[in-house]
Amino acid sequence: MAKSIMIQGTMSNAGKSLLAAGLCRVLRQDGCRVAPFKSQNMALNSFITAAGGEMGRAQVVQAEAAGVAPDVRMNPILLKPTTDMGSQVIVNGAVLGNMRAAEYYRRKPELIPAVLTAYESLAAEYDVIVIEGAGSPAEINLKKDDIVNMGLAKLVDAPVLLVGDIDRGGVFAQLYGTVALLEEDERERIKGVVVNKFRGDRAILEPGLEMLEKLCGVPVAGVIPYLHVDIDDEDSLSERFHRDQAAKLIDIAVVRLPRISNFTDLGPFERYGNVSVRYVTSPRELGAPDMVVLPGTKSTMEDLRWLRQNGLEAAVKQAASRGTPVVGICGGYQMLGRSVSDPEGAEARAGAEIAGLGLLDMDTVFHGEKVQSQTRGVFGAVEGLLSPLTGMAYEGYEIHMGRSGEARPALTGGGNIYGTYIHGVFDAPGVAEAVLRALCGRKGVDFARLGSFDAAAYRERQYDLLAQAVRENLDMELVYRILSEK
């Protein structure tokens, strides 16, 4: 049976996901068979496994860091918000249904067997399980029936490292306050505290660290610097929204829909130094990009209304009329058609219907059964600007409730308007490069000025850099001692 260690945080975005990924990589480098685990994740960025199950993308990243294939057992419960009050609930990779928050909390105890079965089956196959918590264990209003923080730690008998975020201020109060609010048996599970996202000279922290150890009764297990690694952990996924918005040599504008999902689809373009990938929310921010992307969304119809009401629909259509390439992915693809309807109430109310942008000759109808599968193949005949993609291999995954006609190709459209249901469609070798070469040709820019890179080697290098930072700044002797004592 595997040993385990759990990373909990003083709050959301404390850096748990990235630290867990780094620890997975270090343990893998040290010869351990390691797997990540998060019992309950709330995220719109998800992934479809080879077996067709849906799971949170943060655990996919951690699995990659561990050198193992993503498995829905690593994230048995995924909550995908549909409204401010409810979410689609996915258990062991399959949709259980849409639930309001009150209903989900009422039914949580029913899900404990699914969580434990997933954990125990992983623990039978691996040496170490690195568990990630969610939010804070000191959210006392949520402690009843907790299955993701101390509740889970008790169920699987996991020791805990508690992580605080110094970059947001008040880290000593974060850590001590969290410990103080825990029950005595919960405090006993904490074997060390970690100060995360530190910028500066650690010597300045030492007096505070000594006092923190006395107050909390456990050692400071590490002071992790603010890391500049290019890894899509759960906390950094939204940081791209706030990056420099200046247009570069090739400028790609992504409409930041209110319920945007799977925006990691644009990652391959972000690696080029002279390509800007900007997330925009208004016609003014849109400007005059070289390509517009309508990304995935958990609520196509509501986000289409938003697009229409704030003027971005008109701005996108105007850009399309000027010949600017417009690409829709999944929900964004559905928006490009003539209409979107929901006769069964799969996404919105039953019978709802809304006009699309009318840029593609298709209609989308939502159905109760969700499409979720990995896919790969070769692009068929692609017409228009992106014709160089013809015959190239692609791979990715589909997650959608809507159907837009029968047997649609991997890339629909032509001229300068395109749509696809495939998330990760730009990830396969050469695909993003072919798109950028087409954009460069249209603009009269030398593609060589964008630079190039080996995506797979780059990703592995980032995981190794993360592991190096964790190894150098986390007390790994203490980590191994904690594991050996379990």
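These legends describe close-up views of a predicted model. Local features need pLDDT of at least 70 and side-chain atom pairs count only at pLDDT 80 or more, while totals for chains, interfaces and linings use all residues. Residues are numbered from 1 along each chain as its sequence is written, and side-chain values use heavy atoms, with hydrogens and water left out.

View 1. Six strands form an open sheet in the order 2-9-1-10-11-12, with parallel pairing. Strands (E, at least two residues) and helices (H or I, at least four) are DSSP runs, numbered from the N terminus. Two strands pair if DSSP finds at least two bridges between them. The edges are strand 2 (34–37) and strand 12 (220–225), and each pairs on one side only. Neighbouring strands are turned by 20° against each other on average, direction ignored. Strand 2 and strand 9 (residues 128–132) are joined in the parallel sense by 4 bridges. Here Pro36 stands opposite Val130.

View 2. Helix 3 (residues 101–123) lies across strand 1 (3–9), strand 2 and strand 9. Helix 3 runs at about 170° to strand 2. Helix 5 (residues 171–181) packs on the sheet and touches strand 10 (160–165) and strand 11 (190–198). The direction of helix 5 makes about 145° with that of strand 10. Axes are lines fitted to C-alpha atoms, for helices over the stretch in contact; angles run from 0 to 180 degrees between N-to-C directions.

View 3. Six strands form an open sheet in the order 15-13-16-18-24-23, with mixed pairing. Strand 15 (275–280) and strand 23 (412–414) are the edge strands, each pairing on one side only. The twist averages 20° from one strand to the next. Strand 13 (residues 250–255) and strand 16 (residues 291–294) pair in the parallel sense over 3 bridges. Val254 stands opposite Val293 in strand 16. Helix 13 packs on this sheet, touching strand 13, strand 15 and strand 16. Its direction makes about 115° with that of strand 13.

**View 4. The largest nonpolar core.** This core holds 69 residues. A nonpolar core is a set of buried Ala, Val, Leu, Ile, Met, Phe, Trp, Tyr and Cys residues joined through side-chain atoms within 4.5 Å. Phe269, Val275, Leu307, Phe379, Leu389, Phe426 and Leu436 touch the most other members. Helix 13 (residues 431–443) gives the most to this core, with 8 residues. Apart from it lies another core, of 53 residues, among them Val89, Tyr126, Val171 and Val218.

View 5. Leu312, Glu313, Ala315, Val316, Ala319 and Ala320 are buried in helix 11 (residues 312–321). Buried means under 20% relative accessible area, exposed over 50%, partly exposed in between (1.4 Å probe, protein chains only). The buried residues fall within an arc of 165° seen down the axis, so they line one face of the helix. The arc is that of the directions from the helix axis to the C-beta atoms. On the other side, Ala314 and Ser321 are exposed. Gly323 follows helix 11, with a positive phi near 100°.

**View 6. Strand 19 and Asp342.** Both faces of strand 19 (residues 339–342) are covered. Ser339 and Ser341 on one side and Val340 and Asp342 on the other are all buried. Strand 19 runs antiparallel to strand 20 (residues 352–355), joined by 4 bridges. Ser341 stands opposite Glu353. Asp342 has a relative accessible area of 0%. Its contacts (heavy atoms within 4.5 Å) include Met301, Arg349 and Phe366, leaving aside neighbours within four places in sequence.
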